[in-house]
Amino acid sequence: MKNKAKSIIIQVAILFLVGTILTGMLSYYNQRIASTKNVKTEIEEIASNVAREVEMSLKEYPTYEWLMKYWYENYEKMDIEYDSDFSANTSTEQKYKAWKNRHPDIQFKYATPEQVESMETYDQKLYAEVAYSWFITRINQIKQAYDVDFLFCVLPNEAFDSQFFMFSAADPDSVRGTSYEEVYPIGISVKVDESQREAMKNATKNSSHLADAGDYVDYYSHIGDVNGRPVLIGLTYDLTYVVDTINKQARHNTMLAVAYQTILSLICLGIIYGFVLRPLKNIQESIRKYKTDKDSEAVEESLSQVRIENEMKDLSNDVVDLAKEMDAYTLEIQEITKERERIGVELDLGARIQASMLPNLFPPFPERKEFDIYASMDPAKEVGGDFYDFFFTDDDHLCIAIADVSGKGIPGALFMMASKILMENSSAPGKSPAEVLTDVNNAISKNNQAEMFVTMWLGILEVSTGKLVAANAGHEYPTIMRAGGTFELIKDKHGFVLGGMEDLKYTDYEINLNPGDKIFVYTDGVPEATNIDEELFGTDRMIVALNKYRESSTKDILMGVKKEVDLFVESAEQFDDLTMMCMEYIGHN
C-alpha cells in the first residue's frame, strides 16, 4: 500500500515556517551580538576618556611621580582621610593649614619635586596625605560624573596574579574596607583571576585594554611605573542591566520581524498556490487520466483551462504535445512489434533451415566403424556464419570441413550456405583439399560484391589407411591427440582467406592417423570467448579443457569444452559463433 503523498503547499508552508524560525533566531542573535559589541565599543571609548581624566587629575601635581612613589612606599605610615567634604574642622584641612604655615611661599598644588624633596620628613608626610585626600575627592567626583561602577588604580606584581591598590573611588554611601564589595583603601593586595591577569598584561603592552569578565567589563590604562611595577588605572562596568535591555530589545525586534515575515510568507504562499500549484495540480490530474485512458484529446481539453501565460502554460502545452506524440508512438510501436514478430518467425525458420543444412544426426554413418565423429554449432545470433560438414567423396575418402564467415546474422548465414554449397560441389573424387579450396576461392571472389570472406580448414581422410590430407585457408590451427597422449596444436601453413582475391594457390599437408588418434577443429569463437573482464578464453585454456576430457568420446569432448567456456564467460554476452568438431580414427580393428 502506497503512503499518501503530502500536499506540496503544506511542504512549502513548512519550509517557509522553518525559514522564518531560522531567520528569527539569526536575527535575534545578530542583534544581541551587534548591540553588545556596540555597547562595549562605546564603553571602551568612555573608559578611555575617564582614565585620561584621572591621569590628568593626577598629573596636575608636578610632583605626581614623587607622590605615587611616596604613597606606595609609606602607605602604612600615612594618616589618610577618605571621602571627606573638607570643612574647616576636618583633619585634612588642618594638615593643609599647618603645612601652609610652614611653607607660605610655596603653592601647594604647584610645588615642584625639588621643593618637596628639600622639605623635612614631617612636612613631606603632610604634603603626601593632603594630596592623597584631595585626589581621592577628585576621583570620587569623576566616578559619580561618569557613572563608573568601579574606578581604581593598582600596581600588579611581576606575575600579574595580584593587585596592590593605590587608590579607589567611592560613592557617597559606600563603605571603605577590605571586605568583598567594599571600597578598598590604599595598600590592599588581592588575588586576580586569569581574565584580569591577561587584561593587565595586555594593558601593560598596549597602553590600554578592554576585557570581558562575565557580566562585567574591565578596562585598564597604563600610566607609568613605580619601583619597576606598572601603574594601571582600572575601570569596571556592570553590564547586567545593559545586557538585559539588549536582550529585551532584540526579542521585541525579532518578534516584529517574524510577524512581518509570516504575513509576507502567507501572501507568497497564496501567490504560489494560484499561479503555480493549482495549474500544476491540473497538469498532474491530466497526466494520471492519460495513463488510464490514453486519450490525448481529453488531456488537451482539460489543460486548456490553464490560461496564465507563464512556465505553467508552457508545461501544459508540452504535456499536450507529449500525449499526442505518445499516441503516435504507441501506434508506431504496435506496427514495429508486428514487424518484429514477423521477422522473428522468419529468423526462427531461417535457423531451422540452417540447422537442417548441417549434419545433425549422430552417428552420421552408423555402418562405418572406422571412425567416430561429432560436431556442434552455437550461433551468437539467431542464425550464424560458421559451418561444419563431413561427407564421403567415395567409399574410402571422408571429407571433413569447418569454416567461419566474416559476417554474422542473416548476411553471414546466407554467405555461409553459399560457401558450403560451393565446397560440396568442388569436392569431387580424386581432388586434393588444396584444389578444392582453390576452386571455392575463385568461385567466391568472382562476384563478391559484399566483400565478405571465409576461413576454412578442409581435410580428406583415407579411411582404409588413416592418411589425412588437409589444407588451411586462414583458419584456426587444428589440434591432434595421439593415442594415449594429449592434445596439442598443429601449426600448419595458412593460406589466404577464401574470397579475398582470385587465382590463389593453397598447400596440402599430410597427417598419418593411427587407431585411437583424435582430431579437434574449431572456429575462433572458442579461443576468443570473452568474460566480463574483457579477458579471452585463449587457445591455452582450450588445450587444457581438451586434455581434461581427452579420454571421453568425441561428443563428450565437445560438451566438456563448451562447459569450460561457459564457466569462464559466466554472464558475459556471447560475442561470436562457437563451432567445434572432433573425430577419432578407429581403423579396421
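Lys201 forms a salt bridge with Glu198, with 4.0 Å between the closest N and O atoms; a salt bridge here is a side-chain nitrogen of Lys or Arg within 4 Å of a carboxyl oxygen of Asp or Glu. The model is predicted: local features need pLDDT of at least 70, side-chain atom pairs count only at pLDDT 80 or more, and totals for chains, interfaces and linings use all residues. Residues are numbered from 1 along each chain as its sequence is written, and side-chain values use heavy atoms, with hydrogens and water left out.

**Overall**
- The protein has 13 helices and 17 strands, taken as DSSP runs (helices H or I, at least four residues; strands E, at least two) numbered from the N terminus.
- Of its 589 residues, 44% count as buried; buried means under 20% relative accessible area, exposed over 50%, and partly exposed in between (1.4 Å probe, protein chains only).
- Among contacts (heavy atoms within 4.5 Å) between residues at least 6 apart in sequence, 67% join residues at least 24 apart.

**Salt bridges**
- The structure holds 20 salt bridges.
- Lys201 and Glu198 are three residues apart in helix 6 (residues 194-206), so about one helical turn separates them.
- Lys201 is partly exposed at 29% relative accessibility, and Glu198 is partly exposed at 34%.
- Lys420 and Glu424 pair at 2.4 Å, N to O, and they are four residues apart in helix 10 (residues 409-426).
- Lys420 is buried at 3% relative accessible area, whereas Glu424 is partly exposed at 31%.
- Lys95 and Glu129 form a salt bridge at 2.8 Å, N to O.
- Lys95 lies in helix 3 (residues 91-102) and Glu129 in helix 5 (residues 121-146), so this pair ties together parts 34 residues apart in sequence.
- Lys95 is buried at 13%, and Glu129 is buried at 2%.
- A network of salt bridges links Asp79, Lys95, Lys125 and Glu129.

**A buried residue**
- Met542, in helix 12 (residues 538-548), is buried with a relative accessible area of 0%.
- Not counting residues up to four places away in sequence, Met542 touches Thr479, Leu489, Phe520, Tyr522, Val526 and Phe537.
- Val526 is 16 residues from Met542 in sequence, and their C-alpha atoms are 7.5 Å apart.

**Surface patches**
- Patches use residues with over 30% relative accessible area and no salt bridge, joining like charges within 9 Å and nonpolar side chains (Val, Leu, Ile, Met, Phe, Trp, Tyr) within 5 Å.
- A nonpolar patch of about 860 Å² includes Ile10, Leu17, Ile21 and Met25.
- Ile21 is in helix 1 (residues 8-59) and is partly exposed at 45%.

Definitions and conventions:
Areas by Shrake-Rupley, 256 points an atom, 1.4 Å probe, with all protein chains shown as cover.
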